[in-house]
Amino acid sequence: VAARAYSRTPATPLAQAYHLVLKRNSTYLLFIMGGAVLLESIYGTIGDAAWSAVNHGHTYETTDWSKFETIVADEDDDEDDE
């Protein structure tokens, strides 16, 4: 019986992804959870940057507090003292 010759063609990206990620359930679940964490951090960073850009000057961190005068209580106005 003659040995069968197999051609070694490069694997397609889809086949590589299957063997790397989808072949075992554990790696598939890890891929899904890791992707969710990564995409959420990217989405959160972009969302926070957009929120800060739109609300610049209207949040506590970006308010110029030197424009507001401070109220100093007079010491004579204490009504508890007799």
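Reader: In this predicted model, how many aromatic pairs are there by the rule for ring centres?

Author: Two rings are taken as a pair if their centres lie within 6.5 Å. Applied to this predicted model, the rule gives a count of two aromatic pairs.

Reader: Are the rings of Y60 and W65 stacked, edge-to-face or tilted?

Author: A pair of aromatic rings is described by the distance of the centres and the angle of the planes. For Y60 and W65 the centres are 5.3 Å apart and the planes stand at 55°. Planes under 30 degrees apart would count as stacked and those over 60 as edge-to-face, so the pair of Y60 and W65 is tilted.

Reader: Does Y60 count as buried, partly exposed or exposed, and what of W65 and F68?

Author: Exposed means over 50% relative accessible area, and buried means under 20%. W65, at 47% relative accessibility, is partly exposed, and F68, at 49%, is likewise partly exposed. Y60 has a relative accessibility of 63%, and therefore counts as exposed.

Reader: Which helix supplies the largest share of the nonpolar patch?

Author: The patch covers about 700 Å² and is made by Y18, L22, Y28, L29, F31, I32 and M33. Helix 1 (13-22) and helix 2 (25-54) each contribute at least two of the patch residues, with Y18 placed in helix 1 and M33 in helix 2. Five residues, the largest share, come from helix 2.

Reader: How many buried residues does helix 2 have?

Author: Helix 2 has 30 residues and spans 43 Å from its first C-alpha to its last, close to the 44 Å expected at 1.5 Å a residue. One of its residues, M33, counts as exposed because its relative accessibility is 53%. Helix 2 is hardly covered, and its count of buried residues is zero.

Reader: What percentage of the residues in the chain is buried?

Author: The chain has two helices and zero strands, and its accessible surface comes to about 8500 Å², with 60% belonging to carbon and sulfur atoms. Among the 82 residues in the chain, the buried ones make up 2%.

Note on methods
Residues are numbered from 1 along each chain as its sequence is written. This is a predicted model: local features need pLDDT of at least 70, side-chain atom pairs count only at pLDDT 80 or more; totals for chains, interfaces and linings use all residues. Side-chain values use heavy atoms; hydrogens and water are left out. Helices (H or I, at least four residues) and strands (E, at least two) are DSSP runs, numbered from the N terminus. Buried means under 20% relative accessible area, exposed over 50%, partly exposed in between (1.4 Å probe, protein chains only). Accessible areas come from the Shrake-Rupley method with a 1.4 Å probe; for residues, only the protein chains shown count as cover. Rings of Phe, Tyr and Trp (its six-membered ring) pair if their centres lie within 6.5 Å; planes under 30 degrees apart count as stacked, over 60 as edge-to-face and the rest as tilted. Patches are made of residues with over 30% relative accessible area and no salt bridge: like charges are joined within 9 Å, nonpolar side chains (Val, Leu, Ile, Met, Phe, Trp, Tyr) within 5 Å. A salt bridge is a side-chain nitrogen of Lys or Arg within 4 Å of a carboxyl oxygen of Asp or Glu. The expected span of a helix is 1.5 Å times one less than its number of residues.
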